[in-house]
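Please follow the explanation below with the structure open beside it, taking the helix packing, the domains and the ligand in turn.

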Amino acid sequence: MFGGSGYSGLELLRILAWHPQVRVVAASSDRWAGRPVAASVAGWPTDLGFTAHDDVLAAVKPHQIALLATPAKTSAVLAPQLLDAGARVVDLSGAFRLQNPDAYVQWYGFEHPCPTLLADAHYGLPELLEVPAQARLVANPGCYATAAILAAAPLLRERLIPTSAPIIVDGKSGTTGAGRSVNEALLHAEVTENLRAYRVTKHQHTPEIERALALVSKQAPKVSFTAHLVPMRRGILVSVYVPVVDGVDEEAARAAYGKAYGRAPFIRLVDRPPETAAVRDSNLTEIGCTLDPRTGVLCAFAAIDNLVKGAAGQAVQNLNRLLSLPTGIGLSPGAGGAP
Ligand SMILES: NC(=O)c1ccc[n+]([C@@H]2O[C@H](COP(=O)([O-])OP(=O)(O)OC[C@H]3O[C@@H](n4cnc5c(N)ncnc54)[C@H](OP(=O)(O)O)[C@@H]3O)[C@@H](O)[C@H]2O)c1
C-alpha cells in the first residue's frame with residue numbers, strides 16, 4: 001500500500017493487521033522509510049518496515065492489489081504505472097472519482113495526467129454502487145461524499161424529493177479529514193474553540209456527490225454543499241435539507257432507507273439524530289431523518305468516521321469485493337483506532 005504514514009493509510013494498516021485473507025507486503029512512506037510498521041500500528045503481525053515510495057513501486061508484481069492513500073495529484077500519476085505493472089488499484093483519493101477531465105482543473109486545481117483512464121475507473125460505494133469483482137481501478141469515495149450520498153440517494157431513487165430544487169448538504173468534519181500535512185489553518189490554536197466553513201461553493205466533493213446521485217437515481221440533481229471544520233479529531237456529520245414532493249411523509253422517507261439499506265451490515269438506521277460518537281472507530285454509518293411538517297422540508301442526517309467508512313474501511317469493503325469476499329471480512333464494527 002502507498003501512503004502508509006498518513007491518517008488514512010495508518011487506518012488501513014490498523015484494519016488490515018487483522019484481516020484474515022489479506023497480507024500486506026509493502027507500506028510506503030518516504031518520511032518513515034526504515035521504521036517498523038509495528039512502531040505505529042499496535043498488534044502489527046510482521047517485521048515489515050515502511051519503504052520509500054519508489055522502491056515499493058519498483059517491486060510491484062502482477063496480480064497484487066495496490067491501495068493508494070496518497071494525495072489526488074500523486075494517485076493520478078501512480079495508478080497508471082501500477083496498472084501497467086499488472087496490479088489492480090483501489091485509490092482512496094479523488095483522482096479517479098470524476099469522469100470529465102476538465103472537472104479536475106476546476107475542482108482539484110490540476111490538469112489530469114491520465115484522462116483516458118477516467119472512463120475505466122469504477123466508483124465503489126458498496127451499499128449503492130458495487131464495483132465488478134474483476135475491476136482494475138476502483139475510486140474509493142470521498143468522506144463527505146460518502147455520508148451525503150448515503151443520506152440523499154434513497155430519497156431521490158424513490159422520487160420523494162424533486163430535482164427542481166438544489167439539495168442542500170451541510171457537512172461538518174473533524175480535523176483528520178484534512179490529512180497530516182503541515183498547514184497553518186489547522187494549528188490547534190486556529191481550530192480549537194472555533195467553527196468555520198471552508199471552500200464555500202468550491203469543495204471538490206460537490207461534483208462527486210452529484211455524479212453518484214445521478215448514477216443511483218437516473219436523475220440529474222444539483223447539490224449545494226458546504227463543508228465546516230469542527231474542533232474534534234475524527235467524525236463527519238452531514239445534514240441534508242430538501243423539500244419533499246407533495247404528499248410524502250416521514251414514514252415514506254424511512255421506508256426508502258429501509259428498502260435501500262435493510263440488509264447492509266454497515267448501515268444503522270436510527271430514530272434519533274445520528275451522531276459521530278456513535279460510529280467513531282467503526283465502519284458504520286448512522287442515518288436518520290425528520291420531516292418538518294410546518295415547512296415540508298426533510299432533514300436527513302448521516303454520521304460516519306471519516307477515516308473508516310469515509311476512507312480505509314470503505315476501501316477494505318472494495319478490496320473484499322475485488323477478492324470476491326463478503327463485504328465485511330476484516331471489518332468488525334470496532335475496527336479502527338485513535339490517530
Ligand atoms: N483524511 C481523511 O479523512 C480522508 C478521507 C477520505 C479520503 N482521503 C484521501 O486519502 C488520501 C490520503 O489522505 P490523508 O488524509 O491520509 O493524507 P495525509 O495524512 O496527508 O498522508 C498523505 C500520505 O501520502 C504520502 N505521499 C505524499 N506525497 C507522496 C508521493 N509523491 N508519493 C507517494 N506518497 C506520497 C505521504 O507519505 P510520506 O510519509 O512520504 O509523507 C503520506 O503517507 C488523500 O487523497 C485524501 O483526499 C482522506
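In this predicted model, helix α1, which covers residues 7-16, packs against α9 at an angle of about 45 degrees, and the axes of the two helices lie 9 Å apart. Because of that angle, α1 counts as oblique to α9, and the crossing that the two helices make is right-handed. On the α1 side the contact is formed by S8, E11, L12 and I15, which meet V308, A311, A312, G313, A315 and V316 in α9. Sorted by class, the residues of this contact between α1 and α9 comprise seven nonpolar, two polar and one charged.

A second helix pair can be read in the same way, since two packed helices are described by the angle between their axes and the distance between the axes. Helix α5, residues 143-157, and helix α7, residues 205-217, pack at an angle of about 35 degrees with their axes 9 Å apart, and α5 passes α7 in a right-handed crossing. From α5 the contact takes Y144, A145, A148, I149, A152, A153, L156 and R157, while α7 contributes H205, E208, I209, A212, L213, V216 and S217. The contact of α5 with α7 has eleven nonpolar residues, together with two polar and two charged ones.

Where the two domains meet, 18 residues of domain 1 are in contact with 26 residues of domain 2. Which elements give two or more residues to the side of domain 1 that touches domain 2? They are α4, residues 101-108, and α9, residues 308-322, and of the elements on this side α9 gives the most, with five residues. The side of domain 1 that touches domain 2 divides by class into eleven nonpolar, four polar and three charged residues.

The ligand brings several of these parts together in one description. The shell around the ligand draws at least three residues from each of domain 1 and domain 2. There are 32 residues around the ligand, and those that come nearest are G6, S8, S93, G179 and R180. The elements that give two or more residues to this shell are α1, α3 (72-84) and α9, with the largest share, three residues, coming from α1. By class, the shell around the ligand holds 19 polar residues, ten nonpolar ones and three charged ones.

Methods
Residues are numbered from 1 along each chain as its sequence is written. This is a predicted model: local features need pLDDT of at least 70, side-chain atom pairs count only at pLDDT 80 or more; totals for chains, interfaces and linings use all residues. Two residues are in contact if their C-beta atoms, placed from the backbone, lie within 7 Å. Helices (H or I, at least four residues) and strands (E, at least two) are DSSP runs, numbered from the N terminus. Ala, Val, Leu, Ile, Met, Phe, Trp, Tyr, Cys and Pro count as nonpolar, Asp, Glu, Lys and Arg as charged, and the others, Gly among them, as polar. Axes are lines fitted to C-alpha atoms, for helices over the stretch in contact, and angles run from 0 to 180 degrees between N-to-C directions. Angles under 35 degrees count as roughly parallel, over 145 as roughly antiparallel, 65 to 115 as roughly perpendicular and the rest as oblique. A crossing is left-handed if the near helix is turned anticlockwise from the far one by less than a right angle, and right-handed if clockwise. A residue is near a molecule or strand if its C-beta atom, placed from the backbone, lies within 6 Å of it. Domain bounds come from an automatic or database domain assignment.
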